[in-house]
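Hello,

Here is the structure I promised to pass on.

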Amino acid sequence: MVNEYPPRQKGRWKECGVVCGLLVVGLAVALAVVVVLKNKELEEKLCASGDENIDISEQDNPSVFSDLTTVELRSVVAYLYQQTDLNVVKLSDATLSSSYIYLIELNVPNKTAVLNHLDNQADAPERRAKVVIFRGDLDVPRVEEYEVGPLPNPTFHTIIYRNGKDSVPFTYRPFTLKEYEGLGRYIFFAEIEQKGRRILLESFDASFIDCGTKCLTFYITPVSTSNYGKLTRNMWFWINHDVKYYALHPLDFKVLVNLDGTDPSKFKITKVWYNQQLFNSMDDLVSAYENNKVEKIVMKFPQVDESTFSTLNQRGEPFPSKPLRSPVQVEPDGKRYTIKGQHVEYMGWAFDYRMALSTGPMLFNVRYRGERIAYEISLQEIVVFYSANNPSHRFADFVDSISLIGSLSKALIPGSDCPDHSTFLPSRHVLEASSEPVVYENSLCIFEQATGVPLRRHHSYGKHAGWFYGGMMDDVLILRTILTAANYDYIFDFIFHQNGAIEVKAISTGYILPSVFSPSEKKYGFQIHDNILGNVHHHMFNFKVDVDILGTSNRFETLDLKVEAAPNQMYSELSSAQTYNQIYFQSNPRRTEKAASYKFNFDQPKYLLFNNDQFTTKHGVPRSYRVVINGMSKQTLPENSGHENSITWSRYQMAVTKYKDTEKQSSSLYAMWDAFQPVNRFQSFIDNDESIVDQDLVAWITMGVHHIPHTEDLPVTPTPGGQLQFFLLPYNYFTEDPSSGSKNAIYMELKHASDNSAPTVDINRYGYGGEPQCVPQKSTFDQQVAEDPDLVFSTSG
């Protein structure tokens, strides 16, 4: 065999191999060093987290406004189980005829005691809980409300009286799990399924029991007692195909169920709606169906995949064409707000927040630069009234306090519901579904937002006016929660601007609640898909704003805009007319509650002002805050008709009343049912027509929007065009715009040289200029959800 290479060449190739190997190792080492240096450089460029300013843990010494702690909630539950007069049983052992706990939440102390503590350094009032107990165990069942305290070691429970009464009719209680269990057994199985299974399968290609992949579910419409003129409990249950999302797959089959009493075996179907026809019972429907005396309907179970119109999967023409990520915001110096427990401070603002189980988000002791602007700003009620020819939607007047508004926000999603850089806040509750406190980790979020809109600016360019520019961006702090009330999602923002203004915003999104299309429904909506009609409905939101402008001795006045025909003799050379029409305003102090009940009239525009008569500017003008409502809506239903009697606050865009500890809420847990005899009738706050001059005043603000659904509301309603908001704006309160002190402003001025050389521009960023030199912190949310799905889907609650 002949060698391919001589020995010397072999040696040279070996030497080359060694050298190349060393080069490869050297390059690898160099690359590793570069990677390490790059990673180190990246770490050095990460934006500061600001986490040292954030402490959302339960405090050992909670404030008077803080929600009940886990220790307090457990102590109340243990105390209640020990009270023989309450006869409370654990939920696992309870039936509808038992005495069991429906909810436990903080009972905020009376305002006088709280202000004495905050302003005069008096001892903090005792922390106490409000407890709602369903007393199905009594001969005459009822709902009882108690105050339990002191916490964390309770020793007493005292009845809370409503309108002089020590209880609420059992008929008015919110819909409960125990009712649900009874309905499943005695109505959906024994009546609908056993008697009507053939109808379900032939008409709707599905069933409730043994349904495999073709199942039915239902939606509920409580029927107000005002429709009967007596205390009776009735609900329409309307049937849907159980697919994502079931509300968009309604079927023309509904049952009206009477749920009086505490024995579910006596629940009874009193009406049945099938294919636009009404029957008195399931037996009547079955008989007519089997004897071909009813017009039958066939609605096949839908084919379900990722392209199904009711799902939220991405579909249609993809965009953007390239995989480009959305813009993100950075906090180059970390968070500019602080949180301690449930107390927040930001740019001169300070407030406490809580999530009330019964009513939702609340702010307390809202201060700007040390002065209280509002003692309380809180959501009171969410309402949506539908219209239709069919009975389930005709009587669908939903008052969402029935669902415990504060429990409806369970999981806000970073990067979608709130920016990634938000701080996510928990809420803790004890409600019917659990005897242990339930924690929703991402119930609220708080974040600073660069709105992209100038807060103020002016650009002057001219020989006489001067060449200069001044302005700053409207960077704000936002406290947000999103409440999912069955099909609808409601976004609520409390926004703090750097000029002393507060903004409250409500936005609706989520699924519409359609009905089956038929010609008789055309005047109530458009047909927006094969079988569905988008029913017209009216959203309404009520808020409480307890203003404290420079103290609690406040007045409410309007500046009424009027038109005058001003004499024109002095300016006759400018106009031949004898008079000149122009507007002027007239101060109109409102002295009583009825005079302060505001119904908007375009023919009588006005400003709405709150002030303290003892404090004026140096020119004698009252230092005020102005209310601006940009989401006004008129409730067009006749007063005292149907369900309107439960929501009399909706008669006014704003009402002003004298503060009373007995008038803490405009609505109640029972407003879904109680129109016959309202437990808490807001109109009574106004009817006594008390003086509101130099009094502690409360503004009750209502916003709303009528919604006639359209095809672009599929699959869910988008938010543009649906934003409702009101503002509290300083009005002659400060000597000038307080944002003038911001170091985040920009001032530029053109300087002309005396020697006729080229002008120069002075740019002043007040020491805070320069580009961001950091990258945002990486979100770990996806990893957290993978490890703990309960973070999003809250199966424990």
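Which side chains meet in a salt bridge at 2.9 Å, N to O? They are those of Lys 195 and Glu 191, where a salt bridge is a side-chain nitrogen of Lys or Arg within 4 Å of a carboxyl oxygen of Asp or Glu. The two sit four residues apart in helix α4, so about one helical turn separates them. Lys 195 is partly exposed at 32% relative accessible area (buried is under 20%, exposed over 50%, partly exposed in between, with a 1.4 Å probe and protein chains only).

A word on the source: this is a predicted model, in which local features need pLDDT of at least 70 and side-chain atom pairs count only at pLDDT 80 or more, while totals for chains, interfaces and linings use all residues. Residues are numbered from 1 along each chain as its sequence is written, and side-chain values use heavy atoms, leaving out hydrogens and water.

By the salt-bridge rule, the count comes to 43. Asp 67 pairs with Arg 354, with the closest N and O atoms 2.8 Å apart. Asp 67 lies in the loop between β1 and α2 and Arg 354 in strand β14, so this pair ties together parts 287 residues apart in sequence. Both Asp 67 and Arg 354 are buried.

Asp 694 forms a salt bridge with Arg 555, at 2.7 Å between the closest N and O atoms. Asp 694 is partly exposed, with a relative accessible area of 31%, and Arg 555 is partly exposed at 28%.

Best wishes
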